[in-house]
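This report looks at the open spaces in a protein model and at the residues around them. Please keep the sequence and the structure in view while reading.

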Amino acid sequence: MKIKKEVKRFGKQLFRACFVDDQFDQKKALSLIQSVIETKPRHFVPILTFFGKLVRLETEKRTATIETAAALDKGIEDRVRGEIKKRYPQVLRTQFQVKPDALGGMRIQVGSDVWDGTVRGKLDELKNTLS
């Protein structure tokens, strides 16, 4: 149990050290990872694994993924981007993906928040309520 607490504490310290002006700094993260690998502190592999998980969660939180059944016009993409920026000013990246199995509509994911307005999502929801 103590090893896990040590690993989490050190991983969180590394993660907090990667922020400059409340923004995650990727270059600083890479240099910290290199210094940990060079010094090889006790339990450095689990520490870096936990640190990687924190970085992945932070990246997901700052990325919006928009899935649609067909490619969107540039104007619609810009409107969607603008609406996401209003709700999530911290979002730095938006990525649009075409998923034909959505059948229609749009699914937006920002971190752990998901809005599913796809036909596939509605059909699955209906199936679950009828089951």
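## The second largest pocket

The second largest pocket is lined by Val-80, Glu-83, Ile-84, Arg-87, Tyr-88, Ile-108, Val-110 and Trp-115, where a pocket is an open set of points on a 1 Å grid over the protein atoms alone, at which a 1.4 Å probe fits and protein lies on both sides within 12 Å along at least five of seven lines, and a lining residue has an atom within 4 Å of a point. Helix H4 (74–87) and strand E5 (106–110) each give two or more residues to this lining, and H4 supplies the largest share, four residues; helices (H or I, at least four residues) and strands (E, at least two) are DSSP runs.

By class, this lining has six nonpolar, no polar and two charged residues, and the pocket holds about 150 Å³ of space.

## How the model is read

This is a predicted model, in which local features need pLDDT of at least 70 and side-chain atom pairs count only at pLDDT 80 or more, while totals for chains, interfaces and linings use all residues. Residues are numbered from 1 along each chain as its sequence is written, and side-chain values use heavy atoms, with hydrogens and water left out.

## The largest pocket

About 240 Å³ of space lies in the largest pocket, whose lining includes Gln-23, Phe-24, Arg-62 and Leu-92. Strand E2 (23–24) and helix H3 (44–61) each give two or more residues to this lining, with H3 giving the most, three residues.

Methods: Points joined across faces, edges and corners; volume = space filled by probe spheres on them. Nonpolar A, V, L, I, M, F, W, Y, C, P; charged D, E, K, R; others polar.
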